[in-house]
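Please keep the sequence and the model in view while reading.

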Amino acid sequence: MKYSISDLLQMYRRYRMQVFFLLLLLVSALLLVFKSRILTLAVLAAALIFHFIFVRRQQQAYNRAFVQANLENTLCPKFGMDTIYEKDVTHMTPDILHHARLMPFRQAADTPLLCWELHGKLRGMSVTMCDTALAQDFTLVNKGKNRVHFNTGVWTHLELLKDTGLDFRLLDETSVPTPIRMEFFSKEALCITGPLHDDELAKNFVLYHPINGKAPCLPGRFLRELKKLKDYTPGYVALSVRGSQMDIFIRGRFLAMPVSVKRAPTKEMMCFDPFPELLYLLDLASAL
């Protein structure tokens, strides 16, 4: 592990001391309001500079260190990894996301944003997952103003143990905004198929498959495992199956758990699993 609990405590205390000093500067500026406008502006300028150069950087460094320590204690051992780095992404690529044909996204220097990659063998399958932010362009009306929706969540790519012979997409209606989803699949030459064999899933999910192919007959066990995942996760699931490839995007869920600066880090916080949905994803993949 790169960061121990003592390392995190030291970073946290340094950050709190900097915040305390910043508050002193702001209080000093308040006291100088009725004495000298020039001194007040000078102290406020010093507080602003101190915030961006020291306080903000220290908070960001602490947040990254905490997330790294958390992942090293929870998910890394499951993937057979010793450590993880925020920007060290080598297995998940924009091409993998494109080939899933699951949702649109703009590809440029700063998008898609992929970070905190995990990669390894689980149940004999090659599994890669990371936090993902996708810029999705859309317009509300024809020839209307171009807008951008940022879709964020965890993207998981699995190499299944066999070729399923299936080619379909199954999306919770909330996983991708409806105008973006409908425009994308109209261009992808995919169409909505018949109802799912589960009344509860049919209320939220939309099934797509190639026009020139048969409507897929999804295994009952697969639908049951998807229902378990839907009931468990607070996020919104979108998945793609193409032969031996499965991609699952869960909107609103992240590997990088929120870091509170209101309380000091503890061993319990470091060992809190940020993504227990992993077990459900493996069960879902094993059902095909």
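The chain carries 35 positive and 27 negative side chains, and the centres of the two sets lie 8 Å apart. Here Lys and Arg count as positive and Asp and Glu as negative, while His and the chain ends are not counted. Each charge is placed at NZ of Lys, CZ of Arg, CG of Asp or CD of Glu.

This is a predicted model, in which local features need pLDDT of at least 70 and side-chain atom pairs count only at pLDDT 80 or more, whereas totals for chains, interfaces and linings use all residues. Residues are numbered from 1 along each chain as its sequence is written, and side-chain values use heavy atoms, with hydrogens and water left out.

The C-alpha trace of the chain spans about 80 × 50 × 35 Å along its principal axes. The chain holds 9 helices and 8 strands; these are DSSP runs numbered from the N terminus, with helices being H or I of at least four residues and strands E of at least two. Of the 288 residues, 44% are buried, where buried means under 20% relative accessible area, exposed over 50%, and partly exposed in between (1.4 Å probe, protein chains only). Among contacts (heavy atoms within 4.5 Å) with a separation of 6 or more, 70% are between residues 24 or more positions apart.

Strand 1 (residues 113-122) has 7 of its 10 residues buried. Strand 1 pairs with strand 2 (residues 125-138) in the antiparallel sense, over 8 bridges; two strands pair if DSSP finds at least two bridges between them. Within this pairing, glycine 120 stands opposite valine 127 of strand 2. The hairpin has 2 residues between the strands, and arginine 123 takes a positive phi near 55° there.

Why is strand 7 described as largely enclosed by the rest of the structure? The reason is that 5 of its 7 residues are buried. Strand 7 pairs with strand 4 (residues 167-172) in the antiparallel sense over 5 bridges, and in this pairing leucine 171 stands opposite alanine 238. Strand 7 is also joined by 7 bridges to strand 8 (residues 245-251), again antiparallel. Serine 240 has aspartate 247 of strand 8 as its bridge partner. In the hairpin of strand 7 and strand 8, 2 residues lie between the strands, and glycine 243 takes a positive phi near 65°.
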